[in-house]
Amino acid sequence: MMTRGWFAVPVTIGAIVLSVEGPALSDQPAMTSGKLVVAPAAATYKAPEPSGIALGQDGALWFTSGTMIGRITTAGQASHINLAANAEATVIAAGPGGTVWYSDPMNDVVGKVTMAGDVTTYKLRSGSHARSLTLGPDGNMWLAESGTGRILRMSPSGWTKEFIAMPAGFQPEGIVAGPRGLLWITDAGNNAIVSMSLTGTIHSYPTPTKVSRPGAIMAGKDGNIWFAESNADKIGRLTPGGSFREYPVHSFGGRDAKFSPAPSGLAYGPDGNVWFVEWSADMIRTLSPSGDIKNFQTKTAEAAPWGIVTGADGNIWFTENEAQQIGEITTGGDMSEYAVMPPLPQSYSPAEVAAAPAGGLWMIPVADIPSVGVLSSAGDFHSLPAAAASWLTSASDGSAWFIESPPSMNISAVGSKIASLTPQGTFTEYAIPKSGYGGIAIAPDGTIWLADFDGNKVDKLTLPGPAIASFSVPTTHSDPHYITTDAKGNAWFSELTGNKIGRVTPDGHFTEFAVPSYGSDPGPVAIAPDGTAWFGETSPTGKLGRVGIDGKVTEIPVQAPSVNSGPVCVAVDKSGNVWFGAEAFPNSFMGRLTPSGKIEKFTIPTPDSEAHWCALATDGTFWFAEYSQRQNAGSLGKVTQDGALTEYQIR
């Protein structure tokens, strides 16, 4: 139970603190060095093994590819989000509130992805092997657990309920929301199609073919349920009243003798036909209601088409698992193929940056490279091996602070330690008794503030004791993230779900400032020299927000609203200029809002790039961690006070 109000709960950490004094950077035997070079021209390249595909509410196609979730627009512009290094994401479906959900059946994990790219993962019971999921008519996600023979209902916030009163031998393979407000499930164990109400009432319809082993399933716009019979080489149709019709499709077989030729993956086309893939024959096929079949070979040999869906543009989109591409085909048969980006860049790819002494820069890379790097103003780079880090910030003494966490690109990365690294190379870790932090900030007096999104609190850590005081955010389920401090020692943070900016004093008194635009998803907060707080609205509003000294919140449009993210990072220099990074594919830009209200835009040269994090160096230059959808690695970007923008890579 959560209690509203302002109070502090001191928790003494005592003996669980771990302090590790490391050698200076120059003495680290495992240290790597690099050189800052101007980024080369963008190059096209491919990504690994896309499988499931779904239509998002933003009109783009979202797909899974093992350790990443990809997104491609109907214009063929692709981007991605990295998952944990051991992830094996396979199926994906549109979820409530503009989210998409995916399943990793090998690791018994389900994930939720927002349109802004934020990922939340949920661990399922061991051996559940959820191979299919769908958005139910009740706004919850429903999962078919083939390993346990159960159906799982999961709310948008992750609360679950299992339905276990299923037929003996029940082996769910596919699940879809369909006619009569029911869920429709393929039962491969009993060769049947099962309908299920939201309260768990079921009815089983055995397929006419006795050993059909139904798998993929969809609800057609004709009001019927369509499914693939993997053992029978047929497509089946079931009316809501329980009448079957089966269509032999005479699969071609294909190059892999280990697998039986069978249809898989279904989509209902705007032409009224059922579209399906035959991966071993590299074929996209259509089935008309009368039984006529047309075949379309993929343009790339051995493409292995896997998932298929109808796009918002009326064309059919499919994944090419072995060709590492996304395919598109019109109802007339015109086909296009698009390469998608890899999740693991081949060189040091900065993900977060913070100011270091003398105009230098601290950085941490994408999570597959566990290290912390430091770049001098002269361009010399050194990287110190460390645990996977996130939420990088710097203190007034020039030291870097961050949260150590498992490999992940999620903003909700979970950590159990905080760490600091001084410019001289002293590395110190502090164990903390809980996890689930979404940001760290260092006050002028050395107090450490943590945004506890998991507990809906803001924590104050005092060294060298150390002790933690936890302050509950007045708005429940506010999801505090992106914390910073002002000159008075107050902590400021974003309430992503609460749609507010919060401020808490050192003694635990809160003030909350509501953002006028609904669903703004406030992001990083920066404090200006005059004490005002600036923040980016990472939702499609395309605005910067400002909390004045009088507490009034104003919004300044800096880009046209769109399905793409708004300002994702903000910094304020000594002159009161507000610097920000904005995603506006295909041409993202860095921006500056002057005290007079003028907005200046600096276009990033590399197309299809994203600014993930930004920082003002002590020499007044504005740096950002850039992730490109076309380059072989992420890069650093720098904007000078006179507006010159340069991209760099570390080699």
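Which residue in β10 does Val113 stand opposite? In β10, Val113 stands opposite Val119. This is a predicted model, in which local features need pLDDT of at least 70 and side-chain atom pairs count only at pLDDT 80 or more, while totals for chains, interfaces and linings use all residues. Residues are numbered from 1 along each chain as its sequence is written, and side-chain values use heavy atoms, with hydrogens and water left out.

**Sheet β7 to β10**

- Four strands form an open antiparallel sheet in the order β7-β8-β9-β10; strands are DSSP runs (E, at least two residues), numbered from the N terminus, and two of them pair if DSSP finds at least two bridges between them.
- The edge strands, each pairing on one side only, are β7 (91–94) and β10 (119–123).
- On average, neighbouring strands of this sheet are turned by 20° against each other, direction ignored; axes are lines fitted to C-alpha atoms, and angles run from 0 to 180 degrees between N-to-C directions.
- Strand β9 (residues 109–113) runs antiparallel to β10 and is joined to it by five bridges.

- β28 pairs in the antiparallel sense with β27 (residues 305–310) over four bridges, and Phe318 is the bridge partner of Ile308.
- The hairpin of β27 and β28 has five residues between the strands, with Gly314 at a positive phi near 85°.
- Five bridges join β28 to the antiparallel strand β29 (residues 325–329), where Gln325 stands opposite Glu320.
- Four residues lie between β28 and β29 in their hairpin, and Gln324 in the turn has a positive phi of about 60°.

**Aromatic pairs**

- The whole structure contains 19 aromatic pairs; rings of Phe, Tyr and Trp (its six-membered ring) pair if their centres lie within 6.5 Å, and planes under 30 degrees apart count as stacked, over 60 as edge-to-face and the rest as tilted.
- The ring centres of Phe227 and Phe244 are 6.0 Å apart with planes at 90°, so the pair is edge-to-face.
- Phe227 is buried, with a relative accessible area of 0%, whereas Phe244 is partly exposed at 24%.
- The ring centres of Trp401 and Tyr430 are 6.0 Å apart with planes at 10°, so this pair is stacked.
- Both Trp401 and Tyr430 are buried.

Notes
Buried < 20%, exposed > 50% of the residue type's maximum accessible area, 1.4 Å probe, protein only.
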